[in-house]
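My entries follow in the order in which I checked things.

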Amino acid sequence: MSEDRENRENRDRLRIAVQKSGRLSERSLDLLRRAGLAFRSSGDRLFLHGENMPVDVLLVRDDDIPGLLVEDNCELGIVGRNVLDEQRLAAPERPAPKELQALGFGGCRLAIAVPDNGTIASIDDLSGKRIATSYPALLGDWLRTRNVEAEVVLLNGSVEIAPRLGKAHAICDLVSSGATLAANQLHELVTVMKSEAVVALSPHAQSAAIAAQIDRLCGRIAGAQSSDGVRLLMLQAPRSALPAITRLLPSRNPLSVLSLDDRPDDVAVQVLCSDALNWQHLEELKRLGAHGLMVLNVERMLA
Ligand code: PRT
Ligand code: ZN
């Protein structure tokens, strides 16, 4: 048995890979903390040792995460679906990591965008055109399933300037706010895929001990995630203002309404809201007569 294989089989600590530094890093580590994991950093800051669970965190480039899972260097990874699916399609002969759970952050879409005031107005117009992208496998697959014969031009960065440089007629890149496209006089033609951060699982079979750790950590991640962005709004208000308050709130959750001993016309209200609850809502609630407004983050929820 190779030393590597032996190490792996003797391993009793779960390893999860997350992006070292980038858009997903902070939210990924925050999620693990909220799942109850406390960790200590190693000197080289590439490894976080879980202190209260047998779980270690590898800090790596996001593009390395699918490979680490395929090579069985770690069991779980938090990575954009775009990266996971691109690598799966690029190497269909390799065992593919499995998407276990979507995480609701890192949301974006892979979209084909074309120059404003250009000649490409529909998907059919892409035939015979060059499309620049860092996602050749996802784009190639999309073009094939739609029978569009376009040339895929691989670029590893600054894809959005390719049309102006004359390198391509269109681009296929990640979009979130759309500001980058607008700044480059481009607009979206069609969405190729929707993406967000996901938990991915190694395609290899695991020991019973590790499998139990995977279940436990994923269960906790799901629990932490269900309270993600959930806020508890507390306020006091005249009872007569309740219908208007209900109409104004960005929430369909029922209000808990409590009577106040010393003020029969007033009530105390509690309601769960999403993070769509903003300052303007609070100001409007105040105008309706609410006072003592408080918005608290919800850490954990158990139905
Ligand atoms: O160093 P490393 O390789 O780890 O990081 P990276 O630079 O490859 O990745 P990073 O941190 O930029 O992105 C990590 C993941 O975040 C991506 O794989 C996506 O899953 C997700 N994500 C979410 C995004 C965006 N939103 C996003 N807007 N990744 C990139 N962008 C870029 C996009 O490429 C374009 O350049 O942002 C620009 C567009 O943004 P808007 O808001 O102007 O539309
Ligand atoms: Zn990357």
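**Helix pair**

I find α2 and α8 roughly perpendicular to each other, a label given to angles of 65 to 115 degrees, while under 35 degrees counts as roughly parallel, over 145 as roughly antiparallel and the rest as oblique. Helix α2 covers residues 25-34 and helix α8 residues 208-226; their angle is about 105 degrees and their axes are 8 Å apart. On α2 the contact involves Leu31, Leu32 and Arg34, and on α8 it involves Leu217, Ile221, Ala224 and Gln225.

I note the terms here. Contact means heavy atoms within 4.5 Å. Axes are lines fitted to C-alpha atoms, for helices over the stretch in contact, and angles run from 0 to 180 degrees between N-to-C directions. Helices (H or I, at least four residues) and strands (E, at least two) are DSSP runs, numbered from the N terminus.

The model is predicted: local features need pLDDT of at least 70, side-chain atom pairs count only at pLDDT 80 or more, and totals for chains, interfaces and linings use all residues. Residues are numbered from 1 along each chain as its sequence is written, chains are lettered from A and ligands numbered from 1 in the order in which they are written, and side-chain values use heavy atoms, with hydrogens and water left out.

I looked up which residues of α2 are buried (under 20% relative accessible area; exposed is over 50%, partly exposed in between; 1.4 Å probe, protein chains only). They are Ser25, Ser28, Leu29, Leu31, Leu32 and Arg34. Their cover includes β1 (14-19), β2 (39-41), β3 (47-50), β4 (55-60), β5 (76-80) and α8. After α2 comes Gly36, with a positive phi near 100 degrees.

**Seven-stranded sheet**

I read the strand order of this open sheet as β2-β3-β4-β1-β5-β12-β6, with mixed pairing; two strands pair if DSSP finds at least two bridges between them. At the edges are β2 and β6, each with a single partner strand, so one side of each has no neighbour in the sheet. On average, neighbouring strands here are turned by 25 degrees against each other, direction ignored.

Strands β1 and β4 are parallel and share six bridges, and Val18 is opposite Leu59 of β4. Helix α2 lies across β1, β2, β3, β4 and β5, at about 150 degrees to β1. Helix α8 lies across β1, β4, β5, β6 and β12, at about 30 degrees to β6.

I then checked β12 (residues 197-201): five of its five residues are buried. Ala197, Val199 and Leu201 point one way, and Val198 and Ala200 the other way. Strand β5 runs antiparallel to β12, with five bridges, and Ile78 stands opposite Val199. Strand β6 (residues 98-102) is also antiparallel to β12, over four bridges, with Glu99 as the bridge partner of Ala200.

**Five-stranded sheet**

I list a further open sheet, in the order β9-β8-β10-β7-β11, also with mixed pairing. Helix α4 (residues 81-90) lies across β10 and β11, at about 80 degrees to β11.

Why is strand β7 largely enclosed by the rest of the structure? Six of the eight residues in β7 (108-115) are buried. I count eight bridges between β7 and β11 (residues 186-195), in the antiparallel sense, and Arg109 faces Lys194 there. To β10 (residues 170-175), β7 is joined by five bridges, again antiparallel. Leu110 has Leu174 as its partner in β10 and stands opposite Met193 in β11.

**Zinc site**

I looked up the donors, meaning N, O and S atoms within 2.8 Å of the metal (3.2 Å for Na, K and Ca); water is not among the atoms, so sites may look incomplete. Asp62 (OD) and Asp63 (OD) coordinate the zinc ion (ligand 2) at 2.0 to 2.1 Å. Asp62 is buried, with 18% relative accessibility, and Asp63 is partly exposed at 36%.
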